[in-house]
There are 2 protein chains.
Amino acid sequence: MLIIFGTAKLLAELFERMKQPGIVGEILAGVLVGPSLLGWVSPSEFTTTLAELGVMFLLFRVGLEIDAAELIKLGGTATAVGVLGVSVPFLAGWGIFHLWGKPQLESLFVGTALTATSVGITAQVLAAKGLLQRTASRIILGAAVVDDILALLLLGVVSSLAEGHVNSLELVLTSIFAAGFVLLVAHWGRKSMNRVIPQLQNRLRVGEAQFALAMVFLFGMAALSVKAGVAGIIGAFLAGMALSEAMPPRIHDLSHGVTELLVPFFLANIGLHFNGGAFAHQSTFLLALLLVPAAIFSKILGCGLGASRHGRVVATRVGLGMIPRGEFCMVVAQVGLDLKVIPPDTFGIIVFMAVTVTLMTPPLLKIAFKGILPQPEEETEIFRLG
Amino acid sequence: MLIIFGTAKLLAELFERMKQPGIVGEILAGVLVGPSLLGWVSPSEFTTTLAELGVMFLLFRVGLEIDAAELIKLGGTATAVGVLGVSVPFLAGWGIFHLWGKPQLESLFVGTALTATSVGITAQVLAAKGLLQRTASRIILGAAVVDDILALLLLGVVSSLAEGHVNSLELVLTSIFAAGFVLLVAHWGRKSMNRVIPQLQNRLRVGEAQFALAMVFLFGMAALSVKAGVAGIIGAFLAGMALSEAMPPRIHDLSHGVTELLVPFFLANIGLHFNGGAFAHQSTFLLALLLVPAAIFSKILGCGLGASRHGRVVATRVGLGMIPRGEFCMVVAQVGLDLKVIPPDTFGIIVFMAVTVTLMTPPLLKIAFKGILPQPEEETEIFRLG
């Protein structure tokens with residue numbers, strides 16, 4: 001723990017001094033101490049658990065700062081961004097591998113791996129710079145929810161294809177259930193929590209009852225959303241949104257402490273998965289180099305189109321914010337490997353792509369959001385006029 | 001995680017309503033969901049890690065509230081309490097098993113298992129009730145450090161005996177090194193931190209630099225103290241003491257959040273280890289029933305004698321506060337089992353003893369500290385007069 005946390009913070013400091021985003025330093029810390037370079041730490045169940053808890057708390061905290069009503073107002077745009085931001089990267093990934101002459105199933109898996117945004121990275125950058133209230137940030141968070149549902153469905157489809165049987169009814173039911181769950185919580189979550197929490201609070205005698213309640217609700221929502229067919233972090237985000245008014249600032253601070261401790265593990269864990277597999281052969285390396293810009297521009301294009309009615313500035317920010325890939329990518333690659341649809345070198349390519357595009361996002365976001373701090377209403381203005 | 005945290009908080013609430021300490025509810029939650037009853041959760045590397053982090057943060061937070069100078073003032077008493085609080089229980093445990101006709105090595109291991117206090121339980125009770133500034137509390141914390149060093153040395157001796165070779169020089173060196181490390185940090189830790197931290201702080205640009213520094217220092221001290229031959233939690237306690245002045249209240253709050261989240265896992269994990277092994281045979285059960293009062297009264301007697309010059313009230317409180325057994329007990333039992341010195345039923349007896357005496361401590365402490373809140377200076381008065 002000391003190694004991971006210490007190195008992450010050290011590199012973050014170095015990067016901040018070079019006027020680069022600290023988050024990039026924390027991911028590179030994972031690459032540095034990981035198996036590909038120093039070999040001090042290997043990804044294990046322990047580091048993965050801390051990382052999962054880290055990103056859960058991160059999205060819980062982001063949720064605490066988000067107004068569900070505002071998010072729902074932007075629901076149309078978020079859905080468009082989510083749908084296009086899944087389809088375009090899917091087609092790009094599938095297309096490249098298909099044209100390269102790879103088997104159909106492998107190309108479909110690579111396409112799927114390109115779909116899901118790892119919203120944790122963007123959320124961390126936006127939260128650290130106090131940009132969560134911007135229109136673009138809200139669109140990104142809303143789109144990440146849509147994106148996650150679609151990507152999970154897509155993974156369901158391609159892995160059923162690989163296993164040779166597709167149950168369409170089950171897929172339709174899952175998607176309806178997942179979407180219904182999210183809408184239900186987003187709509188009524190806050191109102192019901194605003195009623196329930198104060199009542200419960202007055203009745204409880206245990207120490208720090210509010211914090212305990214918040215944690216039980218957080219873990220409960222994460223577990224429920226996994227049951228409903230959505231990722232646990234989406235549940236954590238919804239839990240945060242539902243609790244945002246019912247919880248006093250002190251609880252925000254307490255959960256902030258947990259987040260600060262665990263987020264470096266989430267970031268370093270991405271770096272830990274980096275390996276040299278993508279450099280095994282020249283052709284593999286070429287394919288990896290081709291996939292990185294495809295992953296970046298397909299999201300900028302797809303998501304940008306989805307958000308185009310909010311003006312070019314917002315659209316660019318949304319597109320850039322949706323670039324990072326993370327956990328989901330690794331999951332798709334792992335499922336493909338287990339089903340023997342993806343060979344190890346393609347697995348290496350996917351992980352290389354995920355780490356590389358994720359590393360490139362914070363600097364790009366920094367540029368895209370530059371200059372808005374002096375005129376804090378500019379972006380919203382465009383939105384209202386456009 | 002939901003199961004453990006939720007059940008722990010639920011039972012804590014129930015116990016608070018029955019005017020019983022919530023901490024007992026949280027330990028019983030572990031027994032309830034653990035393998036011996038419902039079987040929902042088994043002790044795993046994951047639960048153990050969370051538990052270790054929990055008790056580390058607990059002692060870090062306790063350290064933050066403790067004044068090292070005050071602790072050193074009570075150093076003489078703390079040493080006496082530590083020495084007698086290790087010797088008397090060791091003799092009691094060894095004596096009972098020896099008289100029962102058990103082999104010599106097994107009796108020595110059982111004696112060793114009875115020595116180390118699990119100060120986390122007492123610290124949690126005292127911190128929750130705001131009693132950390134009492135004389136008795138300070139003696140307990142100081143004695144726990146001495147106790148820990150002695151118990152680790154004793155485990156070193158008995159396991160070398162079991163392996164058939166004792167390296168006295170190494171044991172002497174370890175004890176000098178461990179004691180030196182603790183004294184050094186307790187004496188100069190705070191002063192040097194008061195100088196170093198503000199300087200570092202001004203130079204760092206990373207977000208939440210103070211919290212990051214505190215965490216790096218905490219993990220670093222825990223790792224160092226393990227190297228020095230002391231338990232990691234003692235290092236965490238020393239780290240907290242060294243940082244107590246240099247850190248602003250906000251950092252206390254942030255680390256408090258982590259503590260609140262993780263401590264239920266520490267408590268429930270004790271309960272998780274409970275098993276029915278002690279009830280296997282009638283003679284095993286009798287021996288277990290005999291060992292529980294021996295574990296309790298040997299600590300009350302030994303530690304009480306050590307603190308006798310502070311008056312009977314303080315001595316009783318110190319004796320009661322030193323009763324809990326935990327992690328160390330399980331470690332001794334495990335080492336003995338691995339060396340084939342302890343049979344499985346004796347392993348069951350030791351774990352049964354640890355869980356039972358730990359469960360009995362919070363209510364006893366509640367009684368011992370009752371009535372002092374209206375006259376907050378009573379105890380210190382006795383000390384000054386005595």
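In this predicted model, 34 residues of chain B are in contact with 34 residues of chain A, where contact puts two C-beta atoms, placed from the backbone, within 7 Å. Local features need pLDDT of at least 70 and side-chain atom pairs pLDDT 80 or more, while totals for chains, interfaces and linings use all residues. Residues are numbered from 1 along each chain as its sequence is written, with chains lettered from A in the order in which they are written.

**The chain B side**
- At least two residues each come from α1 (2–17), α3 (45–64), α10 (209–227) and α12 (249–272) of chain B; helices are DSSP runs of H or I with at least four residues, numbered from the N terminus.
- By class, this side has 17 nonpolar, eight polar and nine charged residues, with Ala, Val, Leu, Ile, Met, Phe, Trp, Tyr, Cys and Pro as nonpolar, Asp, Glu, Lys and Arg as charged, and the others, Gly among them, as polar.

**Helix α1 of chain A**
- Its buried residues include A:Ile4, A:Phe5, A:Leu11 and A:Phe15; buried means 20 or more other C-beta atoms within 10 Å, exposed 12 or fewer, and partly exposed in between.
- Those buried residues pack against α2 (22–33) and α12 (249–272) of chain A, together with α10 of chain B.
- Just after α1(A), A:Lys19 takes a positive phi of about 60 degrees.

**Around A:Asn167**
- A:Asn167 sits in the loop between α8 (135–163) and α9 (168–203) of chain A.
- A:Asn167 counts as exposed because it has 12 C-beta neighbours inside 10 Å.
- The C-alpha atoms of A:Asn167 and A:Gly302 are separated by 28 Å, and these residues are 135 residues apart along the chain.
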